[in-house]
Amino acid sequence: MIHQNPVIDTPPVAQLTLTTARLELRQPRRSDEGLLRHYAGDERVARMTRSIPHPLPPGAAAAFIDTARSANRREDVWILDGTRVGLGEVVGVLGLERLRDREGQSEIGYWIAPAFWNAGLASEAVSAVIEANPQGATSIMGSVFQDNPISARVLTNAGFEYLGDAEAFCVSRGAIVPTWTYLRKI
């Protein structure tokens with residue numbers, strides 16, 4: 001006999017909600033799964049992140065939501081919600097991860113759905129998180145692939161300083177990709 005455990009939608013561990021001129025940055029919720037699967041499953045999005053595989057495997061969006069809502073998470077994740085101004089319920093994602101081996105240091109990462117590119121939404125969201133500094137970080141790191149200069153501009157516009165070149169593995173490309181690394185002291 002097979003027993004299936006029902007999916008229990010436990011309340012998420014509290015996380016700061018932020019508001020900008022066009023966005024509400026909020027925790028992921030179960031209703032975001034379809035749009036997350038749609039946008040994160042887009043190869044153009046996956047290729048510019050280190051961790052999103054392409055094609056996106058079944059259950060990946062749901063697992064992402066579960067992890068983001070967990071009490072044991074190391075990363076705070078915000079959905080960039082633009083419904084207040086008619087942009088859409090999910091226009092992107094921003095994460096701020098506490099770095100294990102570096103006290104007081106966090107790392108920022110973000111992506112915007114292609115339908116909302118070049119609208120300044122990433123800059124708006126990154127600036128809001130830096131201003132709020134919800135993890136009490138003394139510095140925040142960020143890195144972008146060198147073939148994504150627009151994302152590098154988001155960081156420099158938010159006051160990040162260029163540290164140097166590095167490399168990171170990109171799951172969707174299955175390759176090590178050159179990066180630019182940045183730091184913002186708080």
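A: Ser172 is located in the loop that joins strand S7 (161-170) to S8; helices (H or I, at least four residues) and strands (E, at least two) are DSSP runs, numbered from the N terminus. The model is predicted, so local features need pLDDT of at least 70 and side-chain atom pairs count only at pLDDT 80 or more, whereas totals for chains, interfaces and linings use all residues. Residues are numbered from 1 along each chain as its sequence is written, and side-chain values use heavy atoms, with hydrogens and water left out.

Ser172 is buried, because its relative accessible area is 18%; buried means under 20%, exposed over 50%, and partly exposed in between (1.4 Å probe, protein chains only). Its contacts (heavy atoms within 4.5 Å) include Ala46, Arg47, Ile52, Pro53 and His54, when residues up to four places away in sequence are not counted. With Arg47, the side chain of Ser172 reaches the backbone nitrogen at 3.4 Å.

A nonpolar surface patch of about 290 Å² is formed by Phe169, Val171 and Ile176. Such a patch joins nonpolar side chains (Val, Leu, Ile, Met, Phe, Trp, Tyr) within 5 Å, from residues with over 30% relative accessible area and no salt bridge; like charges are joined within 9 Å. Areas come from the Shrake-Rupley method with a 1.4 Å probe, and for residues only the protein chains shown count as cover. Ile176 belongs to strand S8 (residues 175-185) and counts as exposed because its relative accessibility is 56%.

Elsewhere, the structure contains 14 salt bridges, each a side-chain nitrogen of Lys or Arg within 4 Å of a carboxyl oxygen of Asp or Glu. One of them pairs Asp81 with Arg29 (3.6 Å, N to O). This pair links distant parts of the chain, 52 residues apart: Asp81 is in strand S3 (residues 75-81) and Arg29 in the loop between strand S2 (24-26) and helix H1 (33-40). Asp81 is buried at 3% relative accessible area, whereas Arg29, at 34%, is partly exposed. Arg29 also forms a salt bridge with Glu89, with the closest N and O atoms 3.2 Å apart.

For the chain as a whole, the secondary structure comes to 5 helices and 8 strands, and 44% of the 186 residues count as buried. Residues 24 or more positions apart account for 64% of the contacts with a separation of 6 or more.

Notes. A polar contact is a pair of N or O atoms within 3.5 Å; within protein, one must be able to donate a hydrogen and the other to accept it, and residues adjacent in sequence count only if both atoms are side-chain atoms.
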